[in-house]
Amino acid sequence: MKVQDRLLKYVSYWTTSEEETGTCPSTQRQFELGRELERELKELGLEKVLLTEHCYVYGLLPATAGMEHKKPMGFIAHMDTAPDYSGENVKPQIIENYDGGDILLKGNNTYLKMDDFPHPVSLAGRTLITTDGTTLLGADDKAGIAEIMTAVETIISENIPHGDIWIGFTPDEEIGVGSDLFDLDYFKADYAYTVDGDYEGEVAYENFNAAGAVFTLTGVNVHPGEAKDIMINAAQVACEIAASLPEEETPAHTAGRQGFFHLTDMSGDVASAKLSYIVRDHDKDLFESRLNRLRTLEVEMNQKYGAGTVSLEISYSYENMLEVMKDHMFVVDLAKKAIASVGLEPISRPVRGGTDGARLSFMGLPCPNLGTGGYGFHGPFEHITVEGMETAVKIICELIKNPVDR
């Protein structure tokens, strides 16, 4: 099956994860795609195929004769789509021989403006797949799944010698817990790659340190006519906290390795309110400084309005994988060699986000990130090219063809 056909098949599955359910997977609908991938892996002839009770899918393509001495490698992608935007009832648009201009998204008559998205190479002349404007596409990360599956099928059909190849598909990556129950006792790779980036010629091994932060505010609600020196307006205190953080340190004003505070949700009234943030920085010390700034705000607000008015809860999400990868750069070098072999100049940029690979690297599995050929993730302007996906498949195949000795 062609890689684009796989992508179009996989995006038809509604797999949006949800932050608040407290279950793994966070949504039972992810099992529908999980069961399909389990079936396809078995159909391809992989061994040790397993769909777990928590919706992790594993499979092993055993080493061919004479290749058992090679280090086992792995490829990983995630099944869920981001809760930022609807992933249900996706209607892809396919534009052949794309002319490089703006694209009408016919579902809501908006335009995908290509100037809004940096592309390391021109997409003109390629076959472009977009949304219709009413949903996200789901190429993040169903393109990664499609590319891994297509590469495995290619390796099998062309009888290419290889070491052990482990495949893993995870739930709930988009809410930061995709690696929580990943079974490294079952998935016996020495190193792996997540296929979850954008430009197909990229290998990323540096990402944000990340945390979530929630301010819970408790006010004092009395009749406004009798409120003097009594009322504490929780919603207004929430606004004061938000205004205390520098506007220039938000996602809209930062790039590269610059960190930020990102207010993702704000709700409340006089009696109670809540602010939810994500906090990011590549530098570990600057990251901790950002979290300390939030802790200081909690103290200052309680001193001003009274003890118990503001409560802050911080939860760490993932760390910068560079701390691990700097001791395993051979994994990055292998990827760069594979990328160069298909005629691209390898690039490595700091990821302004995270992947399952960041967590897995700290769990003992060195795991940088490869590109899928997609852009504009998490919203209605998501897009990808068939040619970019085909190149990603070739890169995976090159990695499989060139394992290293144990």
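The crossing of H7 and H9 is right-handed, that is, the near helix is turned clockwise from the far one by less than a right angle (left-handed if anticlockwise). The residues of this contact divide into six nonpolar, one polar and one charged; Ala, Val, Leu, Ile, Met, Phe, Trp, Tyr, Cys and Pro count as nonpolar, Asp, Glu, Lys and Arg as charged, and the others, Gly among them, as polar. The model is predicted, so local features need pLDDT of at least 70 and side-chain atom pairs pLDDT 80 or more, while totals for chains, interfaces and linings use all residues. Residues are numbered from 1 along each chain as its sequence is written, and side-chain values use heavy atoms, without hydrogens or water.

**Helix pair**
- Helix H7 spans residues 329-341 and helix H9 residues 386-401; helices (H or I, at least four residues) and strands (E, at least two) are DSSP runs numbered from the N terminus.
- The two axes come within 9 Å and cross at roughly 125°; axes are lines fitted to C-alpha atoms, for helices over the stretch in contact, and angles run from 0 to 180 degrees between N-to-C directions.
- H7 and H9 are therefore oblique to each other (under 35 degrees is roughly parallel, over 145 roughly antiparallel, 65 to 115 roughly perpendicular, the rest oblique).
- From H7, Leu 334, Ala 335, Ala 338, Ile 339 and Ser 341 meet Ile 395, Glu 398 and Leu 399 of H9, where contact means heavy atoms within 4.5 Å.

**Four-stranded sheet**
- Four strands make an open antiparallel sheet in the order S4-S7-S17-S16; two strands pair if DSSP finds at least two bridges between them.
- Strands S4 (93-95) and S16 (374-375) stand at the edges with a single partner strand each, so one side of each has no neighbour in the sheet.
- S7 (residues 128-130) and S17 (residues 383-385) pair in the antiparallel sense over three bridges, and Thr 130 stands opposite His 383 in S17.
- H9 lies across S7 and S17, at about 65° to S17.

**Seven-stranded sheet**
- The pairing is mixed in an open sheet of seven strands, ordered S1-S2-S8-S3-S9-S15-S10.
- Its edges are S1 (47-51) and S10 (203-204); each has a single partner strand, so one side of each is left without a neighbour in the sheet.
- S3 (residues 73-78) pairs with S8 (residues 165-170) in the parallel sense over six bridges, with Ile 76 opposite Gly 168 in S8.
- H7 lies across S9 (191-197), S10 and S15 (369-371), running at about 55° to S9.
- H9 lies across S3, S8, S9 and S15, running at about 155° to S3.
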